[in-house]
Amino acid sequence: MTRPGPSIGPALAGAVDLSALKQRSAANQEGTGSAPPGGVEVTETNLEAEVLVRSTQVPVVVLLWTPRSDASVQLGNTLGTLASEDGGKWAFATVNVDTTPRVAQMFGVQAVPTVVALAGGQPISSFQGVQPADQLRRWIDSLLNATAGKLSGPPGEEQAEQVDPEVAQARAQLDAGDFDGALKSYKAILETRPNHPEAKGAVRQIEFLQRATKHSPDAIATADAAPDDIDAAFAAADVEILQQQVTAAFDRLIDLVKRTSGDDRAKVRSRLVELFELFDPSDPQVLTARRNLASALY
């Protein structure tokens, strides 16, 4: 799985403090505004399809914004104009932090406006605050140059190919945000082709996202208050991964391995291995965690 939340550098001028938003829900917001022009509005439902999956085709530029900030609206208008000028060479998406605070938390941002660029499901660049249009143009051009030939290209430019009807159905469901339907379709593929790489990866990612996004925002604090509660630790680790605190999630469960034995230790070890499989096996954080797990076990 890819990690949606990149590291963000020092805030630039025009940033708005987001710390209070972590305790809010969309239900109690006053005034939501509308998405800046030109951007696909991202929600928990379409995050996978519109950001992670789309970024395997073209770079995706995500604006985390609030209608309460003139700087956010200004930046959104500029990026929307640039996206229109480039005609599908990259995708523009927006996250309204007032109405979708959980998605904002997944990106790990602390202030708005923040812009994050993703390619191949991975964050590759980010900045905070308003930037002049000419500087944004240079930044976009650098993204396009850095990803040239490395992504599959806009859907309209893909070569015609014979696509397995079952795979096509699963992809369409995923693109539409129908996670339950996509999961069912991918599992059906695995029943007859248990080693199908796309289906295996999709099932892991969808099941994780469905599970992790249901946890309470207080999951980390709850686990910290009860360090030997295995279920609480599992929930906290899921939330930490969503917030890009990957090493913290792995360390939490490795420490629990050290304090458990028998069936409990086996249960924690299995969850760790499951989380490892969400990432590229060569990811340095995974390699380090695997070594630490081996030391904890033996």
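Which helix is R252 found in?

1. A word on what you're looking at. This is a predicted model, where local features need pLDDT of at least 70, side-chain atom pairs count only at pLDDT 80 or more, and totals for chains, interfaces and linings use all residues. Residues are numbered from 1 along each chain as its sequence is written, and side-chain values use heavy atoms, with hydrogens and water left out.

2. Back to R252: look in helix α10, residues 246–259. Helices here are DSSP runs of H or I with at least four residues, strands are runs of E with at least two, and both are numbered from the N terminus. R252 counts as buried, at 16% relative accessibility; buried means under 20% relative accessible area, exposed over 50% and partly exposed in between, with a 1.4 Å probe and protein chains only. Setting aside neighbours within four places in sequence, R252 is in contact (heavy atoms within 4.5 Å) with I220, A223, D224, A233, A236, A237 and E240.

3. Next, the partner of α10. The axes of α10 and helix α11 (residues 262–276) come within 9 Å and cross at roughly 160 degrees. Axes are lines fitted to C-alpha atoms, for helices over the stretch in contact, and angles run from 0 to 180 degrees between N-to-C directions. That makes α10 roughly antiparallel to α11, a label for angles over 145 degrees. On the α10 side, the contact is made by F250, L253, I254, L256, V257 and K258. From α11 come R265, V268, R269, R271, L272, L275 and F276. By class, this contact has 9 nonpolar, no polar and 4 charged residues; Ala, Val, Leu, Ile, Met, Phe, Trp, Tyr, Cys and Pro count as nonpolar, Asp, Glu, Lys and Arg as charged, and the others, Gly among them, as polar.

4. Now try T43, in the loop between β2 (40–41) and α1 (47–53). T43 is partly exposed, with a relative accessible area of 29%. Not counting residues up to four places away in sequence, T43 touches T100 and V103. T43 and V103 are 60 residues apart along the chain, yet their C-alpha atoms are separated by 6.8 Å.

5. Finally, confidence. The chain has a mean pLDDT (the predictor's confidence in each residue, from 0 to 100) of 82, and 84% of its residues reach 70 or more. Confidence is highest in helix α8 (residues 219–225), at a mean of 96, and lowest in strand β1 (residues 16–17), at 36. Over residues 1–35 the pLDDT is below 50, and this stretch has 84 contacts in the model beyond near neighbours in sequence.

Conventions. Parallel < 35°, antiparallel > 145°, perpendicular 65-115°, else oblique.
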